[in-house]
Amino acid sequence: MERNQPPRETPVNASATAAQAIPPYIETGDLAAIRDRGVIRFVNLGGSELDRLPRDSIVTLKHITLANKLAEKLKLETVWIVARTPQEAIEMVQAGKADIAAYSLTDTEARRQLVDFTVPLLQTRQKLVTSLDGPDIRDPEQLRDAELIAQTGSVYIQTAERLIAQNPDANLSIKQAVVYEDRDALVDLLKEKRNRVAILDDYIADNMLSYRKDIRVGAAVSERENIAWAVRKGSKKLLTRVNNYLTGNLVKAPGERISDWKAIKQSGVIRFLTYNRPSVYYLWKGVLMGFDYDLAKAFAEKHDLQLQVIVVPYDETLIDWLKAGKGDFAGAVKNITRERIDQGIAFTRSYRETPEQVVSNRNKPEIKQIQDLAGRTLTVRANSPFTTTARTLKRSGIDVAVEVAPADISIAELIDRIAEGELDATIVDNDDVMMAASLHPELSPGTLVSDPRPQGWMVMPQNKQLLKKLDIFLAKYRKSEAYPKKIAAYFEPNKRFTQHVAARVIPGKDLSPYDTLVKHSSLEYGFDWRLVVAQMWQESNFNPKAVSPVGAQGLLQVMPATAEDMGFPPPLFEPDRNIQAGLKYLNWVRDRFEPTLPAVERLWFILASYNAGYGHLLDARRLARELGLNPDVWFGNVEQAMLKLSEPQYFTKARYGYVRGAEPVQYVRKISHLYHAYTNVASGDIDLNQVQHRLSPTHQVPPHPVSQ
């Protein structure tokens, strides 16, 4: 999907009025001039919304985070500007339209004529990349009849031109493309024709290989090159300040070896092994989250360490990677068991306990007590503690059949099959049962079949100091106010999907207490105000003070980071600001879809993206195409693919990884039903004079009603 929008500014970390009032300006001065303005402008190719799922990277050292922290140290407000190409970003810095290009820019002699580069963030070599059935790319001199994909405004163009000049008889050509922030779109381009070959930096190609198995990486076509940021020429004080900052923060993690606490502190990095899966580590609404991830990040910050999250492949074990020295500690809501300890690892103290529970289909007899398992079939996940529990029940004299599912079947897939009536029952953790039942009304939670099982993190036994530090941290964290909030956020059902209160649908009456505000903002962005009201009901039940377990705020449940990106720093409990921030984000999402998409389908895609995140919607559309479904239709097509992205066989191959697909599917369905009801009782027309009259100081917005 090509993105050819003009440069835009996205203010973050600024006061609401200041952020929205900063117009584009020219500043060619050094650090002192920037300080006088009180604002520092960063430019890259995605603004501050570059949502990613890092699989093996120092999460807190991404360009955006580094830049925002630099601004904090300088006590300056931050504005992010989006450029279309790397060359445009450099030219904006040169012209004084931005102050720092905070992006992975290749440091070249030609570019040094325009800007000054910082110390290198890393070194890279350009390599050839193609699809599985593409050309032989092991030797560039043997490449024939190939179309070279080179991204517009990048150094790859010069590399492609050099390859053509060096091999004049090879019939090579160049196709330029703007696909920077959608690498999967680049793969789609490669697969369109068998003769296409892309040029990419090796670290980008390696990242793509971590989740895509349909590409090949071939020969290097450049020498080692430095990747750095850029500032205006002559800005010596700014360059020195940035260089000092980067040098102090660009720490190097230890290699694959077992590190003691002293070595960890010296490196400045602690490596955390985990899985990309529910409740543990995943991307939601563009924000990295998860119970284990949040706790690990809090531990790292307490000890002034950078957290390096290393995602272990789903079919490999955390214990094997820990013993191989690929991480310092590991966790993914793991039960503390003797079997695991006997494999040569040590556990921290328990950070949580949960019992195991039976779940079955609501259309079958309820399993209220253990004796009700007689004559039933338990299908349990392979290599899980639930297998042991099921077999123990059978040995105790219960006439229950126990079947072990194939190793590639996840807990989520087992639960889905039970909801669909394909399987009888299973055993999973109690919180998984509660979460699943909130999204699948076909499920029936049954009897508990174990005492609460303790769960903890794993370390190597010889790393006693780290184990001690982790134990102290967990003991204190369990007593903190943050702990019960984390438990609620990740292990308790979302009340939006369990509430059964019906929205008011009364002909001739207001749909909500906020109709006037919604009409005003909807008119500005061209949305049907009735749809926004339906979405508002689903998000908050018209409660302007609502806060979700993961921190979303207000009527439209806007995430704080998203609000900052839209120029509305939190808190967002004032109705007008919340509605404006939510609609501005809806508009931003809408602009990312191709204009040829049918208007109604784009509407459902916007809602799904608002709920789960734009990246997950991209993954779902791509998967729909692979499954033979229509990637341009939501109901019955992309929504089915979204559901499958909770299954390992699909989410491990998706760029944005795991998503609890049932939630966006229900979200869109519920809003669509209420929207249709609203269209039957309220006109979509907006009387601008009436709206302006009702927004006058003498007409106040009513408070949130006690009851509906």
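Which residues do ring pairs link into a cluster? They are W261, F272, F291, F299, F329, Y351, W457, F473, Y477, Y483 and F491.

## Ground rules

This is a predicted model, where local features need pLDDT of at least 70, side-chain atom pairs count only at pLDDT 80 or more, and totals for chains, interfaces and linings use all residues. Residues are numbered from 1 along each chain as its sequence is written, and side-chain values use heavy atoms, with hydrogens and water left out.

## Aromatic pairs

Rings of Phe, Tyr and Trp (its six-membered ring) pair if their centres lie within 6.5 Å; planes under 30 degrees apart are stacked, over 60 edge-to-face, and the rest tilted. That rule gives 23 aromatic pairs. Take F291 and F491: with centres 5.0 Å apart and planes at 70°, the pair is edge-to-face. F291 sits in helix α11 (residues 291–302) and F491 in helix α18 (residues 482–491), so the contact ties together parts 200 residues apart in sequence. Helices here are DSSP runs (H or I, at least four residues), strands likewise (E, at least two), numbered from the N terminus.

F291 has 0% relative accessibility and counts as buried; buried means under 20% relative accessible area, with exposed over 50% and partly exposed in between (1.4 Å probe, protein chains only). F491, at 6%, counts as buried too.

F299 and F473 also pair edge-to-face, at 5.5 Å centre to centre and 70° between the planes. F299 is in helix α11 and F473 in helix α17 (residues 464–478), 174 residues apart.

## A charge over a ring

The charged end of R352 sits over the ring of F491, 3.5 Å from its centre. The test is NZ of Lys or CZ of Arg within 6 Å of the ring centre and within 35 degrees of the ring normal.
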